[in-house]
Amino acid sequence: QVQLVESGGGLVQAGGSLRLSCAASRRTFRNYAMGWFRQAPGKEREFVACISWSGANTYYADSVKGRFTISRDNAKNTVYLQMNSLKPEDTAVYYCASQSTELGFGTTWAADYDYWGQGTQVTVSS
């Protein structure tokens, strides 16, 4: 069954903001590092941001640093991606992913993640 579900995608003008949510189906995800990845048409999936199990540590791709913020609310089993100052090049399908080792800090490699959501489309117009 689906264990991670993204929501919050949509159409926004350049310079606007959007907040994505990723809801986990089981409480055990609170012990796992999680990340956001994205895939634009014709491109490979790329790392966006990750967050440690506790939420105390975060890491961002250079392309989004200063504009995006990853956070989590473990009490709600939810991870967020706040996206500000959006650019057309941010247009992609955004995926939430979780590792399956306890107390991790997260990594930038998609292969390190074991659970994936179905993705949510983000489109930024000029």
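Analyst: Start with the sulfur atoms. In this predicted model, C22 and C96 are joined by a disulfide, with an S to S distance of 2.1 Å. The torsion about the S-S bond is -75 degrees, and the link of C22 and C96 is left-handed.

User: What is the nearest cysteine sulfur to C50?

Analyst: That of C96, 12 Å away; a disulfide needs the sulfur atoms within 2.5 Å, and C50 is in no disulfide. C50 has 2% relative accessibility and so counts as buried.

User: How should I read a nonpolar core?

Analyst: In soluble globular proteins, nonpolar side chains tend to be buried together. Here the largest nonpolar core has 33 residues, and W36, V48, F68, I70, L81, M83 and Y94 have the most contacts inside it. Among the elements giving two or more residues to this core are β3, β4, β8 and β9. Strand β5 supplies the largest share, five residues.

User: Which residues does L81 touch?

Analyst: Leaving out residues up to four places away in sequence, the contacts of L81 include W36, V48, F68, I70 and Y94.

User: Is S21 buried or exposed?

Analyst: S21 is buried, because its relative accessibility is 17%, and the cut-off for buried is under 20%. S21 lies in strand β3, and its contacts include W36, V79 and Y80.

Methods:
Residues numbered from 1 in each chain as written. Predicted model: local features only at pLDDT ≥ 70, side-chain atom pairs only at ≥ 80, totals over all residues. Heavy atoms only, no water. Helix = DSSP H or I, 4+ residues; strand = E, 2+ residues; numbered from the N terminus. Buried < 20%, exposed > 50% of the residue type's maximum accessible area, 1.4 Å probe, protein only. Contact = heavy atoms within 4.5 Å. Core = buried A, V, L, I, M, F, W, Y, C linked by side-chain atoms within 4.5 Å.
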